[in-house]
Amino acid sequence: MRSDQSNRASTGLKLAAIAGLLFMHLPILLIFVYAFTTEDKTYQFPPPGYTLKWFAITWNRPDVWEALQLSVKVASISTVIALVLGTLCAAAVSRSKFFGREAISLMVILPIALPGIITGIALRSAFNLADIPFSMWTIILGHATFCVVVVYNNAVARFRRLSGSLIEASMDLGATGIQTFRYVVMPNIATSLLAGGMLAFALSFDEVIVTTFTAGQQATLPIWMLEELVRPRQRPVTNVVAMVVVLVTFLPILGAYYLTRGGDQIAGSGK
Amino acid sequence: MNDAAIMTRENRSFLSRMSDTLWRKPRLLLILLLTPPILWLGIIYLGSLFALLAQSFFSIDEFSGLIKYELTLKTYRELLVPANLDILVRTTLMAVIVTLAAAVVAFPIAYYAARYARGKWKAIFYLSVMLPLWSSYLVKVYAWKLILAKEGILNWLFEVLYLKWLLDAYLSLPLIGGNSLSVSYTGTFLVFLYVWLPFMVLPMQAALERVQASYLEASADLGATPSQTFKNVLFPLALPGIIAGSIFTFSLTLGDYIIPQIIGSSRLFIGQAVYAHQGTAGNIPLAAAFTVVPVIVMGFYLWMAKRQGAFDAL
């Protein structure tokens, strides 16, 4: 790389970067094509024709709606739990130095650093040992555990920027802890929590590996999709669901990005 | 007047007195803050993790199929049976290859985004890595099922380009070939690479952002060729980011059981073995022993990464 060209990328680099980006995006775009195909038995390409009828058929499928409902419920409750636990952890870790601080941050990261199957089977065998029947709540238990880290990561960056003197000033002026939290801390960390919450929601909404171990008979949307992947029965409906899932998960990601851009750490860079 | 002052003091709510106590005793506040997360993560999560690991030291009775609750290393010996050892080696090898390939494919994207993209393009690059990162895992796997299917787009493309013979020649190769791409190791590899690639790009980009252009200029001014600059300046500085990314690609490949189940030859990976042993076979000790392998590999990996300073690049 000669210095006189250093602010221009070489053609090779440009091509490699473009090829890499295409590799990341074309497969997802293909899903959009398949949602409109008239072919319903095979994955034939190019599609013999295009139709909108699968959207209507999917709309009238109760099993899809039930799975969607369960997924939204699980993701919402897990997100709330993760928000509380993640914020508490972030506040503690960023405000003070104490023995075991490293251990705490390791413990938060562990559920996501270890392969999901380990979290899944560990929880499953623990539920079995404790005779806890599988239900929506066992799914939530698992999801909340690995969602904490997303909230934590977002909140801890913001807490570090929040100057301690602001809190001191508030307390000196006679505010109670709750008032300080409500009027001083909260406005400062709100957007990072919102971003963390959105990412936690997206993470839970999409999770399948841990869920296969912690769910009983209930099917979340990913479980429904997995079933279709292993034993395809409703290819056109699966195509439509896949497309809708892609569109729906884009929203929280874009939201989280706009909420935290310009900060020192943009949300979502670590899943 | 005095009365009023006393009144207000007494009326000072319980809340504000509590706030004062907490302010004076930060330890107490810390304990209050940490108790709920420690209860949740420490007891529910770590508790079940240890319970699982403990079970790997039990064994299963061959005749009754029941778990014998006495400490033994028998289950670990079973792990070294050729069939099981094969699974471990195959999975680890796949994880290594996927990680290396991800580093190679990710580098140009990360480097371009970090060094050349500005303003609007920077945002576009960033989002175009974020969106695939966060879009549904199963949908991504499903997309590859569509791509690799016999009647799918890839075969069609080869046919249109009159390159079908090339694909057939590739598929007839031993080990990496197969009846079709969707039942070959190549297929499994491609899907792994695709699904974990964004996890590599982002930390790599973060590391490359911190490389100042002047370093590269200095290297060039001192007479280094581009490849020397890459080898001696750029690569060492990007390494923490690469290692940080590889933690994800490596760990996720080690533990995945869905991708090899849907796309690939029927030979098992660690995740599938764990799933099979805990499910129908009911052999929890062996399943637990299988999960110990990725835990140890990842523990070692994280320790190495920490020494290389990779956590600062996360």
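Colleague: Among contacts in chain A between residues at least 6 apart in sequence, what percentage join residues at least 24 apart?

Modeller: This is a predicted model. Contact here means heavy atoms within 4.5 Å. Take the contacts in chain A between residues at least 6 apart in sequence; the share joining residues at least 24 apart is 72%.

Colleague: How many helices and how many strands does chain A have?

Modeller: Read chain A from the N terminus on, and the elements run α-α-α-α-α-α-α-α-α-α-α. The count for chain A is 0 strands and 11 helices.

Colleague: What percentage of chain A is buried?

Modeller: A residue is buried when its relative accessible area is under 20%. Chain A has 271 residues, and the buried part is 51%.

Colleague: Which residues touch the most other members of the largest nonpolar core?

Modeller: Members are buried residues joined through side-chain atoms within 4.5 Å. The largest nonpolar core has 165 residues. Those touching the most other members are Y137(B), L208(B), I258(B) and F290(B).

Colleague: Which residues does I258(B) touch, not counting those up to four places away in sequence?

Modeller: Partners come from chain A and chain B. In chain B they are Y137(B) and L138(B). In chain A they are V208(A), I209(A) and L226(A).

Colleague: How many residues are in the second, separate core?

Modeller: Its members include F250(B), L254(B), M298(B) and L302(B). The count for this second core is 8 residues.

Colleague: How far apart are the mean positions of the positive and negative charges of chain A?

Modeller: Chain A has 20 positive and 14 negative charges. Their mean positions are apart by 6 Å.

Methods: Residues are numbered from 1 along each chain as its sequence is written. Chains are lettered from A and ligands numbered from 1 in the order in which they are written. This is a predicted model: local features need pLDDT of at least 70, side-chain atom pairs count only at pLDDT 80 or more; totals for chains, interfaces and linings use all residues. Side-chain values use heavy atoms; hydrogens and water are left out. Buried means under 20% relative accessible area, exposed over 50%, partly exposed in between (1.4 Å probe, protein chains only). Helices (H or I, at least four residues) and strands (E, at least two) are DSSP runs, numbered from the N terminus. Lys and Arg count as positive and Asp and Glu as negative; His and the chain ends are not counted. The place of a charge is taken as NZ of Lys, CZ of Arg, CG of Asp or CD of Glu.
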